Amino acid sequence: MWLGCLFGAEALAYALFRLPTDLGFDANAFGDRGDFLSISYLVAHGSRPAIDFGYHWGVAPILLAQLWFALFGATPQANEGIMVVCALLVAIGIARMAAALRLGTLGIVLLVVALPFAFPTFTLTYALEAALLSNALAEQAAERRSIALVLTTASCFVNPSMAYLYGLVLLLGLLWESRRPHDDRGSLDDAAGSSIDWPNVSRTVTPAAITGAVLILILSAVYGPLALAKTILPLAGMAAHHNQASGFFRGVGRDFWYQPHLGLPYYLFSVVGFWIAATLWLIVAGVQAGRRLLSAPRASDITTDEFVLTCAILHVTFVTVFFGSEVSWRYYCYILVMGVAATSIRDPQSARIAGLLAVMALLGNVSHFAQIAGQWRTTAPSPVTAGMWASSEEVRDWEQAQRAIDGHRALLLTAMGWGPLLSARFEPPFANHFTPGELMPGQLARLMRQIDGAQRIVVVISSGFGNMLVWWPDIQRALDGHELLWKGKSFAVYGARSRHTP
């Protein structure tokens with residue numbers, strides 16, 4: 001209970017500290033923080049996810065977002081509220097894991113200082129997935145595999161990627177456990193001829209099967225069987241991952257860890273140093289745990305070793321398969337944090353390594369906290385930006401862009417976010433993301449037709465995620481045929497198409 005209160009209080013304090021970031025104008029209006037405000041609008045106006053607009057996550061977060069916004073309003077502040085609830089659930093899951101494994105002082109200290117890394121802060125998809133999977137891991141640590149499977153099954157309808165792998169690991173562990181002698185004597189080889197306790201397997205997986213069936217019925221009824229079928233498998237996500245040149249060892253993801261020009265301070269005083277060291281240690285600890293489980297299970301702390309091995313498998317798969325851009329390290333960092341904390345109780349050497357990682361995590365928070373502290377000094381909520389935090393320069397830019405529209409109906413070009421819904425003067429969105437691999441066939445051509453006929457066009461030109469010109473050079477060439485009315489640091493406004501443009 002006290003661990004839950006401690007971690008919950010830390011989660012709330014961290015959410016409050018992050019307000020300038022999480023309620024930032026750029027992050028919500030032109031970034032993926034505003035995704036579900038845009039998605040909820042599209043669905044409410046008859047568009048179907050993965051059919052009428054590109055969408056490669058599960059549809060369960062859409063249903064949750066619609067219910068939440070119906071209760072509290074479709075605003076960035078309401079969106080922040082549901083993200084905080086998910087963060088609290090992650091904190092509770094981590095606390096329950098620590099209690100179930102009876103972590104010592106060093107393990108608890110590591111969790112306290114690394115907890116800020118454990119909260120996915122981008123979209124509801126990853127926040128809800130983290131809430132489910134962190135508590136599933138806690139249930140596994142408490143040897144309640146049936147509940148862990150229920151939570152993992154639900155997560156398949158949130159983000160069809162890690163949950164499938166974790167579900168497979170849980171099922172393999174269940175089968176392995178069902179073949180072990182009941183008196184715990186002998187090695188795995190001694191149990192090789194024993195039969196599987198299928199009644200126990202059936203009792204364990206039945207609640208998960210019922211959960212899956214109920215969710216299939218509900219989500220099919222709300223969004224249609226075709227939308228559910230297109231989002232229950234990770235095929236669209238894999239395509240988007242490929243088209244956006246994502247990956248840990250190549251592409252945009254490599255920028256997370258390969259920054260030789262920044263020198264040693266970058267690795268010491270940011271999350272990168274802790275993340276790399278914790279990853280290497282979790283791999284070593286996972287291999288050791290696997291060897292103990294396979295060769296001498298009676299000499300192994302089975303619950304802890306299985307937990308560490310599970311976290312190692314999930315994290316290594318994330319790094320090698322699921323890793324996207326340089327910011328995606330945060331998606332599953334809670335698995336890394338929970339895994340390395342669990343290693344702290346194996347032996348004195350492991351405890352010392354956990355203590356060293358705690359120091360690295362503390363140092364790793366320096367640049368992150370300094371950046372947010374700088375936002376407290378340089379940004380503030382403004383009525384001009386619908387109560388979201390922005391710098392005075394960005395507020396002036398946005399005001400001037402509104403004046404340049406001069407009462408006309410305008411098209412807002414942003415790669416993501418809910419910016420088109422900020423004003424009734426903007427054309428409503430017909431897609432959520434305008435990035436490679438996430439547009440439906442014909443949607444880019446539809447956007448080009450809108451550009452061709454628009455009287456006013458507001459374009460995001462800052463270096464953030466909203467700048468679609470990075471992805472689509474053809475749009476810039478189309479804009480060259482329009483009169484440039486005004487250009488600032490973050491936005492540019494174009495007029496009608498020039499009559500002399502062919």
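I started with R145, which counts as buried because its relative accessibility is 11%, below the 20% cut-off. The model I am reading is a predicted one.

**Entry: R145 and its partner**

I looked for what the side chain of R145 meets. It forms a salt bridge with E177, at 3.7 Å from N to O. The two ends come from distant parts of the chain: R145 belongs to helix α9 (residues 145–156), E177 belongs to helix α10, and 32 residues separate them. E177 has a relative accessible area of 35%, so I noted E177 as partly exposed.

**Entry: S178**

Next I checked S178, which lies in helix α10 (residues 162–179). Is S178 buried or exposed? I get 8% relative accessibility, so S178 is buried. Leaving out residues up to four places away in sequence, I listed S195, I196, D197, N200 and V201 as the contacts of S178.

**Entry: other salt bridges**

I searched the whole structure and got 14 salt bridges. Side chains of opposite charge can pair when their charged atoms come close.

I looked up D22 and R18, whose side chains form a salt bridge at 2.8 Å, N to O. D22 is buried because its relative accessible area is 6%. R18 is at 6% relative accessibility, so R18 is buried too. Which residues are linked in a network of salt bridges with R18 and D22? I found R33 and E80 in that network.

I then took E393 and K489, whose side chains meet in a salt bridge at 3.7 Å, N to O. This pair also joins distant parts of the chain: E393 is in helix α19 (residues 392–405), K489 is in the loop between β5 (482–487) and β6 (491–497), and they are 96 residues apart. At a relative accessible area of 36%, E393 is partly exposed. K489 has 57%, so I put K489 down as exposed.

**Entry: helix α7**

I asked which residues of helix α7 (residues 105–114) are buried. They are G107, I108, L110, L111, V113 and A114. An α-helix has 3.6 residues a turn, so residues three or four places apart point the same way. What do the buried residues of α7 pack against? I noted five helices by name: α1 (2–17), α6 (76–101), α15 (271–295), α17 (333–342) and α18 (348–378).

**Entry: nonpolar cores**

The largest nonpolar core has 127 residues, and within it I94, M97, L110, L111, F274, W275 and F307 touch the most other members. L110 and L111 are also on my list of buried residues of α7. I looked up the contacts of F274, again not counting residues up to four places away in sequence: L110, A114, F117, Y267, V337, L357, M360 and A361. There is a second, separate core of 20 residues, and I457, W472, A478 and Y494 are among them.

**Entry: aromatic rings**

I counted 34 aromatic pairs in the structure. One of them is F256 with W275, which is edge-to-face, with 5.3 Å from centre to centre and 90° between the planes. The pair links distant parts of the chain, 19 residues apart: F256 sits in the loop between α13 (235–243) and α14 (264–268), and W275 in helix α15. Both F256 and W275 are buried.

Last, I looked at R446. Its charged end sits over the ring of F430, 4.1 Å from the ring centre.

Key:
Residues are numbered from 1 along each chain as its sequence is written. This is a predicted model: local features need pLDDT of at least 70, side-chain atom pairs count only at pLDDT 80 or more; totals for chains, interfaces and linings use all residues. Side-chain values use heavy atoms; hydrogens and water are left out. Helices (H or I, at least four residues) and strands (E, at least two) are DSSP runs, numbered from the N terminus. Buried means under 20% relative accessible area, exposed over 50%, partly exposed in between (1.4 Å probe, protein chains only). Contact means heavy atoms within 4.5 Å. A salt bridge is a side-chain nitrogen of Lys or Arg within 4 Å of a carboxyl oxygen of Asp or Glu. Rings of Phe, Tyr and Trp (its six-membered ring) pair if their centres lie within 6.5 Å; planes under 30 degrees apart count as stacked, over 60 as edge-to-face and the rest as tilted. A charge sits over a ring if NZ of Lys or CZ of Arg is within 6 Å of the ring centre and within 35 degrees of the ring normal. A nonpolar core is a set of buried Ala, Val, Leu, Ile, Met, Phe, Trp, Tyr and Cys residues joined through side-chain atoms within 4.5 Å.
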